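Me: I'm new to reading protein structures. Can we go through this one together, a question at a time?

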Amino acid sequence: QTDEKGNKEAEGEGLLTPQTEKKTSFYSYLRKQGVGRLGAALNARAFGLHVKRRAEILGKSVDEVLNEYEFGNETKGSKGNWSKAKGKRLINVFENAKNTTAVHEVLGHDYLDTIIEAAKSGHSESSVDVDVIAREFVKQNKTKLTEKQARKALESFDVENLDRAENADAVKIHEWFAKAAEKYLANPDTKGISPRLKKLFDKF
């Protein structure tokens, strides 16, 4: 397959970035970063589904959501990372990344942030989802946090100021959720995540 054909199959009609904008699709970005064709296609498909889901729950168009993203050009680093800055959602996947690294950043960190953003804007389904995430984190981890404290930590999370001590609990929840996303992609029927958490990913 050509990269162009792989793009279309991976990201679907309507999720390709128009050539006139001179932006790189997530599939092409992953290939450039050294990810194999199959891994790039699977991760690009997951990214495309996430973009649709984000557009749906925030009441935006797919194009609006796609324009929120920027992909880093660095190749050296610890697998990958996700961040936000000046209204942009930044995703980095490095050359030593695993096949699940992009999923960790997109279906993990970015999806969780999207759920929280939607909940804050009054999206009732997402508000329930945040409660589920807080409850499952407290249940599955050795933590002194209550469900209410876990939810508050997520809602006050400031990804642009990760050095702040008050973000420590939210970072732990984010990493736990992102690892659950990796498990889900590896096997949607896995027993490694709870049924309630599985339903969050099933929404894609």
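Me: Is D113 buried or exposed?
Reply: Keep in mind that this is a predicted model. The cut-off for buried is under 20% relative accessible area. D113 has a relative accessible area of 8%, so D113 is buried.

Me: Which residue forms a salt bridge with D113?
Reply: Side chains of opposite charge can pair when their charged atoms come close. Here the closest N and O atoms are 3.1 Å apart, and the partner of D113 is K84. The two sit in distant parts of the chain, 29 residues apart: D113 is in helix α5, and strand β2 holds K84.

Me: What about R54, which residue does R54 form a salt bridge with?
Reply: R54 is buried, at 2% relative accessible area. Its closest N and O atoms to the partner are 2.8 Å apart, and that partner is E68.

Me: How many residues apart are E155 and R151 in helix α7?
Reply: These two form a salt bridge, with the closest N and O atoms 2.7 Å apart. E155 is partly exposed at 30%, whereas R151 is buried at 15%. They are separated by about one helical turn because their spacing in the helix is four residues.

Me: How far apart are the end C-alpha atoms of helix α3?
Reply: Helix α3 has 22 residues, and at 1.5 Å a residue it should span 32 Å. The model agrees with that, as the distance between the end C-alpha atoms is 31 Å.

Technical notes:
Residues are numbered from 1 along each chain as its sequence is written. This is a predicted model: local features need pLDDT of at least 70, side-chain atom pairs count only at pLDDT 80 or more; totals for chains, interfaces and linings use all residues. Side-chain values use heavy atoms; hydrogens and water are left out. The expected span of a helix is 1.5 Å times one less than its number of residues. A salt bridge is a side-chain nitrogen of Lys or Arg within 4 Å of a carboxyl oxygen of Asp or Glu. Buried means under 20% relative accessible area, exposed over 50%, partly exposed in between (1.4 Å probe, protein chains only).
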